[in-house]
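I opened the model to look up how its chains are arranged. My notes are below.

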Number of protein chains: 4
Amino acid sequence: MGDRIAVGIIGASGYGGIQLVRLLLDHPYADITYLGGEGSAGRPYTELYPHLQGRVNLTVEPVDVAAIGDRTQVVFLSLPNGLALTLAPQLLARGCKVLDLSADYRFQNLKTYTQWYGTERDDAAIAAQAVYGLPELYRDRIAKSSLIGCPGCYPTASLLALAPLIKQGLIEPNTAIIDAKSGTSGGGRQGKVNLLLAEADNSVAAYNVARHRHTPEIEAICSDLSGQSVLVQFTPHLIPMPRGILATVYATLRDPGLVREDLITIYQAFYRHSPWVSILPPGIYPQTKWAWGTNACFIGIEVDERTGRVIVMSAIDNLMKGQAAQAIQCLNIMMGWPETLGLPQVAFYP
Amino acid sequence: MGDRIAVGIIGASGYGGIQLVRLLLDHPYADITYLGGEGSAGRPYTELYPHLQGRVNLTVEPVDVAAIGDRTQVVFLSLPNGLALTLAPQLLARGCKVLDLSADYRFQNLKTYTQWYGTERDDAAIAAQAVYGLPELYRDRIAKSSLIGCPGCYPTASLLALAPLIKQGLIEPNTAIIDAKSGTSGGGRQGKVNLLLAEADNSVAAYNVARHRHTPEIEAICSDLSGQSVLVQFTPHLIPMPRGILATVYATLRDPGLVREDLITIYQAFYRHSPWVSILPPGIYPQTKWAWGTNACFIGIEVDERTGRVIVMSAIDNLMKGQAAQAIQCLNIMMGWPETLGLPQVAFYP
Amino acid sequence: MGDRIAVGIIGASGYGGIQLVRLLLDHPYADITYLGGEGSAGRPYTELYPHLQGRVNLTVEPVDVAAIGDRTQVVFLSLPNGLALTLAPQLLARGCKVLDLSADYRFQNLKTYTQWYGTERDDAAIAAQAVYGLPELYRDRIAKSSLIGCPGCYPTASLLALAPLIKQGLIEPNTAIIDAKSGTSGGGRQGKVNLLLAEADNSVAAYNVARHRHTPEIEAICSDLSGQSVLVQFTPHLIPMPRGILATVYATLRDPGLVREDLITIYQAFYRHSPWVSILPPGIYPQTKWAWGTNACFIGIEVDERTGRVIVMSAIDNLMKGQAAQAIQCLNIMMGWPETLGLPQVAFYP
Amino acid sequence: MGDRIAVGIIGASGYGGIQLVRLLLDHPYADITYLGGEGSAGRPYTELYPHLQGRVNLTVEPVDVAAIGDRTQVVFLSLPNGLALTLAPQLLARGCKVLDLSADYRFQNLKTYTQWYGTERDDAAIAAQAVYGLPELYRDRIAKSSLIGCPGCYPTASLLALAPLIKQGLIEPNTAIIDAKSGTSGGGRQGKVNLLLAEADNSVAAYNVARHRHTPEIEAICSDLSGQSVLVQFTPHLIPMPRGILATVYATLRDPGLVREDLITIYQAFYRHSPWVSILPPGIYPQTKWAWGTNACFIGIEVDERTGRVIVMSAIDNLMKGQAAQAIQCLNIMMGWPETLGLPQVAFYP
């Protein structure tokens, strides 16, 4: 165990920011020493989130790299895509560890980033130092890195469902279809008409079909795991609830003799050192609310012998394991602390 | 019965506008001939509301008073407060009947309007022609008017609950307390953070306590009914659902001997010519969803003999009886048509 | 057009029953003359559904076949699986037309029924007269039949999405995957713990994976359309909303040169005589709430050129096009009336 | 601080039970050693709540008083009304401390209990030992008692709002009106039709108007605080959300010169030793979701100078401060531990 560390959160006003603040309040070794933001700079944080009255006394400050470098050892960046890549190099140069919640450091192949996100990149050297912050797959590399590109919410749920199948070559290449369902907080704390309760309640729809930016992220990691190029079909849907993602993953098994219980055993073995992943018993499928407010991922597995497909269902809280709590899980690993330190493990039900 | 009429809707892009469009599609004597708006001018209406594909072929047009005057006989104004008062006089001058959904023509006393809405008024002559568009109370005057100030959603639910008590002097003056609960569509089709599903779902809170602008509107009509100045306590709450208002009204009975069944009889008599108001039998309290998508108002009545109070609960759809459908009810009366013409009467349950 | 007809609804207390009652109130040629039920026999219908006060004066009666035969010309059966097959033959013998909302008459192959529903069948002659009540596919046969096996809610959404692909051989056999999302009213008006708001709200989960009873129903119709045996993957999910189904259908295209616009054209042609199906323009995907309270089906189509798959999204109201309104659409066809007669066409939004 | 204690939960299968289990998992000094139930006896607890897999290894046992006495030092009773009064005396006799979540020990006047709950009582001696488990009012007596009658959810929210007004004689007697809004989990984990998502979503209604059983409980404590008999008006409403209660309390001020800021100061002083009560700054009103999953109570205060009334809004989580977490707060006090020990303090937002 180490000493207490000073932590900064840049982009503190959004949903990623408030999750980090809330989680770090309960973390035994971290102190929040800097809350940075542009639009809300100068405002007491409790003005943005009144329920923190008496818990947080900080004021949001402008994003001043020198001050952040002076006053923090670890910085979480929770900003729109394209901003972290301008801040992270300066913070690293000042000795900070950086955990970025945007897409900026998720891609080893920067051409893929540019193709899907538009921004040209000339920072290959820095980007090459970044590790993809999915601890269940890259725990060892995270432990040694100072720059983490934290995964998207959909990729987290999707990859935890797919990894054992892909890594062990259990499915036919390119048959994976991910039908994902997300609560609306994934859209952020911005006043978008389609995310109004009046619009989004009582309704379900897909969006960005065949073109969601999380597709290349999932494919890149799958390709890394399998050693060959993998294509996936990914379709996100908006669900009338604030939090949670369920990824329902379909794929054709290579070996038609595999039964559900075989796969459950394989998954249990694959995740035996991963305290945050729960493989459910036969016939139990995950509810997203079981993960609400926690860093847990619940995985249920079914095999359809009629069709030769495996169906894997993976449930997380999109703002926790899908975003902020997973970033702190990474921090724990980077600091040599237990992976579960200071993170909520069990949801309140119902 | 009369001939078909040409109808314009100014402010067609918002929730009031889409309700009017939807309702008028089913109206046997009205044709929509003008959809006006500023921000959405030039866009096909089905771009704003794709589910109307194949039903509505109109494009939103800029607000051109001359064109509106030429092409319509009746105009609904569904605009932010303060705009109708600039348009209505011109439209009246061109021979249009005008039904305004904003607050501009709800007040006989323009000082009250200025005090609560800020805008100075010098149009007393025109404003004096306006009739408050609550047909259950002002049916005869609506029939003879060309300018209707349609009520707010909260005042509609509140006044239908209070009117029999106030009109007949059954309650102690100034004891009326209205605790109102509204779905979030009352906030309009604008991207406000507090109305996001992620924020408003799973939560209830009051807002504008002791200072909501619908308070003076309710008081003005109560005072008109009772012949003396009436104060009410009005508290609105936001409920995690898209549509619906429940007003729970408390007041101290003057005659402690009155029982629930007496009051039910009094209410039934009061509303015996009002096909849109349903007085519920003893022990049945209204669900807002019973009114969803209809112009109905359901009223349940209870007397607490221990405390000497009457409790009246009134449920409406805030966008229908609370806004657009009631405006068409007024139109029906203005045109000499049956009050129920073309309006949905029974909700789909559940 | 014909004369008015007398209609009975057996199983009137459930969600299917209340939809039928509500819809028939607005139907110009139908009168409800019999409401039958067991558990609620003897109770005024407005005790079950107080919002119908003043609209429905009927009392639920015991299920007496002779009385039903005397007093109705058309009977809707809205009962648990396994009961219609005992009632329908008697009602047909008395000259009634029968529309059954259960699974009893959906299968031409009764062995399939027995395999999935458990009940042995010895009524092949009667069952062979039944027509599957999906008018977009079997309009002509429905017109000539007296016994309709109305489709399940999931099969309706799924088959309307799949039929053009299957019928015209556009997809690789057995690649179809249907990921369906349903509101909770599909579970009926029974007090099941997993359907409580406290349990089902804030959560999404799959159920009956690889073994839902609607699978063989979808496969039977697909096989009928294609002329060869078809397997589909079908996974239902429960969504925190009362009504609505979205079916997201994935399949591999045979001709990789087909683009989205081609498929939209094919679908438009396929459904050109089907007034209830709306094919959406490119880039627009259906919201289930667009269909809320109507008999409409909205279909959006996407092609992923990277993966060679088509993705079709189909949205309906599970209790309307997915159940009761579609049954009335069938009735309209059986009687020679326009298919749209008396049915709601446009939802109230939001 | 003391040693670890062994805790039993009788009635573990319901919502009260699961909250207690979840909370005690995080409590540093308590071990769950007995989960008792009737209907679920013999089943592993994770069968009832699969998300606890890997966290709870206990099986539900029959309610065997001797075994409970042997294996526990503290027992929480989470049973329907009328059962605790048969169990508690036996458990007390075996040396257990008992915290009862039902109504059985909430009343000093057992006639009131019998009048509202029906059961005759002949256990006056035992009942007289019970202390009402609202620590903010009865902290000292709780510390010395072995039998706690934990408050109802509505009384907790209502009394925390009312207590400073009543205790200090700031309001006119009998003018208090409590309009309360509750999530549906208050109805318990039972399959009741009116609590189905399909029924309760999209709707708001009052229930048990003028006759809810929490009325005499509120009145008894108010009378105890004021030293004279107090009547209150209490109306509960069902809100489409799983958890949370907002009590909006109206009362007429005795001194019309009191302003909002005076009252905020009075409340802050009243609750200065109560870490779970947050008095909000002027103009901020509580959201129930701020308390979700915590033992917090948020209170907002407004004065309407026009009407002379104070409006106090109090928000809690009905299953936490309104039930299980408050019971553990009482346990902490009984054991001499800090009142906040092991209890969640800050909600996850949104």
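**Conventions.** I am working with a predicted model, in which local features need pLDDT of at least 70 and side-chain atom pairs count only at pLDDT 80 or more, while totals for chains, interfaces and linings use all residues. Residues are numbered from 1 along each chain as its sequence is written, chains are lettered from A and ligands numbered from 1 in the order in which they are written, and side-chain values use heavy atoms, with hydrogens and water left out.

**Chains A and B, symmetry.** I superposed the copies by least squares on the C-alpha atoms of residues with pLDDT of at least 70 in both.

**Chains A and B, interface.** I took contact to mean heavy atoms within 4.5 Å. Chain A puts 21 residues into the contact, and chain B puts in 21 residues. The copies meet through the same surface, because 100% of the interface residues of chain A are also interface residues in chain B. I read the buried area as about 1,600 Å², with 62% of it from carbon and sulfur atoms; this is the accessible area (1.4 Å probe) that two parts lose on being put together, summed over both.

**Chains A and B, pairs.** I looked for salt bridges (a side-chain nitrogen of Lys or Arg within 4 Å of a carboxyl oxygen of Asp or Glu). The rule finds two across this interface of chain A and chain B. Glu199(A) and Arg189(B) form a salt bridge through their side chains, at 2.9 Å from N to O. Helix H9 (residues 197–200) of chain A gives the most to the side of chain A that touches chain B, with four residues; helices here are DSSP runs (H or I, at least four residues). I sorted that side of chain A into eleven nonpolar, six polar and four charged residues.

**Chains A and C.** Chain C is superposed on chain A by a rotation of 180 degrees with 0.0 Å of shift along its axis (RMSD 0.0 Å). Which residue of chain C comes closest to the rotation axis? I found Pro240(C), with its C-alpha at 3.2 Å.

**Domain record.** UniProt lists residues 6–145 of chain A as "domain: Semialdehyde dehydrogenase NAD-binding", in an unreviewed entry.

Definitions and conventions: Helix = DSSP H or I, 4+ residues; strand = E, 2+ residues; numbered from the N terminus. Nonpolar A, V, L, I, M, F, W, Y, C, P; charged D, E, K, R; others polar. UniProt positions renumbered as here; feature names shortened; annotations may be inferred.
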